[in-house]
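Q: Please take a close look at one part of this model. I would like its setting described in enough detail to follow on screen.

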Amino acid sequence: MPRRTSSPFPTREELLAHVASLYYQRGWDQARIARRLGLSRSMVSRLLSEARRKRIVQIHIQWPVKTVPHLESQLVESFSLQGARVLDAENSSYRELLGQLGKLAALEILPHLRDGMTVAVTWGATLWEVVQALPSSSYPQLRIVQCLGALGGRQPCDTPTIVRKLAETLGAQGYYLHAPLMVESEEVAQRLLEERAIREVLDLARSADLLLVGIGTTQAEASSLKRAGYLSDEDLAELRRRGAVGYLCARYLDLDGRPVSTPFDRRIIGLTLEDIRRIPCVIAVAGGLVKAPAILAALRSGLIDILITDKGAATEVLNCHLRRSPEAHR
C-alpha cells in the first residue's frame with residue numbers, strides 16, 4: 001500500500017477537487033492518482049464518491065437521443081419508479097423504434113454497472129438492440145446470467161445469444177441455463193429444476209443485483225412466444241379471456257398488475273414473479289403502442305424500478321392509467 005504523505009491542500013474540498021480533476025478531466029485512473037498522491041486506491045475511490053456527494057463533481061450527460069422529460073416525470077410519480085426514460089420518437093417504423101430504444105436503454109444501464117455485480121437477463125428483440133448499442137468495456141468479475149430457458153430456433157433475440165453477446169461486449173462472465181423455456185409437463189420441469197447445473201444458475205439469477213427484462217404482450221402480432229412456436233393464436237386468445245395483457249419472464253399479468261394463472265406456469269424453466277420482486281433493481285425496456293397495456297400491467301405490478309419506453313407508449317399508458325381505477329391498485 002502506498003505510504004500516505006502530508007496533504008499539500010489547505011482544505012479537504014481542494015483535495016476533493018484536485019482528485020476529481022485528475023480523474024474526470026485528465027483521464028488518470030485511480031491507481032495512478034493513488035501513486036501520485038501517496039494514497040491507497042480505495043481512498044481515491046472514496047474521495048471521488050465524496051466529491052460527487054458534495055456536488056464538487058456534477059455530471060451532465062448530453063443524451064444523443066431526444067427524450068420527453070415531462071412524461072418521464074409523470075411515469076416516475078404515477079408508479080413510484082426510481083427512474084424513467086421516454087424516447088421522443090415519431091414517424092419511425094417499429095424496427096427503427098427498437099433500435100433507438102436500445103441506444104437510450106444502453107445509456108441508462110451503463111451507470112448501474114460495476115465490476116463484481118450480477119446481472120440477470122431475459123430475451124427479446126428490444127433487449128438485443130440494447131446489447132448491440134452498449135460500448136465495449138472490461139468488467140472481468142461481472143456476471144451475466146440467463147434467467148429463463150431458451151426459446152430455441154435461430155433467433156438472435158434468444159436469451160443465450162443475448163447473454164453471450166452481452167458478456168463479450170462487457171468483458172464479463174456468462175452463465176447459461178441449458179434448458180428450454182417451456183417443457184411438455186410439470187414432471188419434466190421439476191426434474192430439470194432439480195438438476196444441479198440448472199439449479200445453480202437459477203439461484204445465481206435470483207441473487208442478481210440487476211435484472212434487465214423486456215415486457216411481452218398477448219397480442220399475436222407482437223408475441224415472441226408465438227413466433228417461437230410455444231403459443232398458438234388460440235392459446236393467446238385464452239390468455240386474453242383470462243384477463244392477461246402482458247408478461248414479465250413469461251409470467252402473465254392482468255391490466256391491474258395482478259398475476260394470471262396459466263396452464264403452463266409450472267412448465268416454465270425460469271424466474272417467478274416473486275423471484276423478480278426480490279431483485280433490487282429491475283430495468284424494463286419496451287415500446288410501441290401495441291405494448292402499452294402490457295407496460296401498464298408491469299408498472300402496476302410494482303415489479304419495475306426503471307422503465308425505458310417511447311413517447312407513444314408512455315402517453316397511452318398514462319392515459320389508460322387515469323381512465324381506469326382498478327379495484328386493487330398499488
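Where does strand E10 (residues 306–310) sit, buried or exposed, and which residue of E10 is the bridge partner of Ala84?

A: First, the ground rules. This is a predicted model, in which local features need pLDDT of at least 70, side-chain atom pairs count only at pLDDT 80 or more, and totals for chains, interfaces and linings use all residues. Numbering starts from 1 along each chain as its sequence is written, and side-chain values use heavy atoms, leaving out hydrogens and water. pLDDT is the predictor's confidence in each residue, from 0 to 100. The chain averages 90, and 93% of the residues score at least 70.

Now E10. Helices (H or I, at least four residues) and strands (E, at least two) are DSSP runs, numbered from the N terminus. Buried means under 20% relative accessible area, exposed over 50%, and partly exposed in between (1.4 Å probe, protein chains only). In E10, 5 of the 5 residues are buried, so the strand is largely enclosed by the rest of the structure. In a regular strand the side chains alternate between the two faces of the sheet. Both faces of E10 are covered. Ile306, Ile308 and Asp310 are buried on one side, and Leu307 and Thr309 on the other.

Next, the pairing. Two strands pair if DSSP finds at least two bridges between them. Strand E1 (residues 83–87) and E10 are parallel over 5 bridges. Leu307 in E10 is the bridge partner of Ala84. Strand E9 (residues 281–285) and E10 are also parallel, over 3 bridges. There, Ala284 stands opposite Leu307. From E9 the chain crosses through helix H13 (residues 292–300) to E10, in a right-handed β-α-β crossover. Right-handed means that, with the strands pointing away from the viewer, the path from the first strand over the helix to the second runs clockwise.

Strand E7 (residues 244–248) is joined to E8 by 4 bridges. Leu248 stands opposite Arg251 in E8.

The loop between E7 and E8 holds Cys249. Its phi is near 55 degrees, a positive value in a residue other than glycine. Cys249 is buried, with a relative accessible area of 3%.

Back to E1, the partner of E10. The loop between helix H4 (69–79) and E1 contains Ser80. Phi of Ser80 is near 55 degrees, again positive in a residue other than glycine. Ser80 counts as exposed, at 66% relative accessibility.
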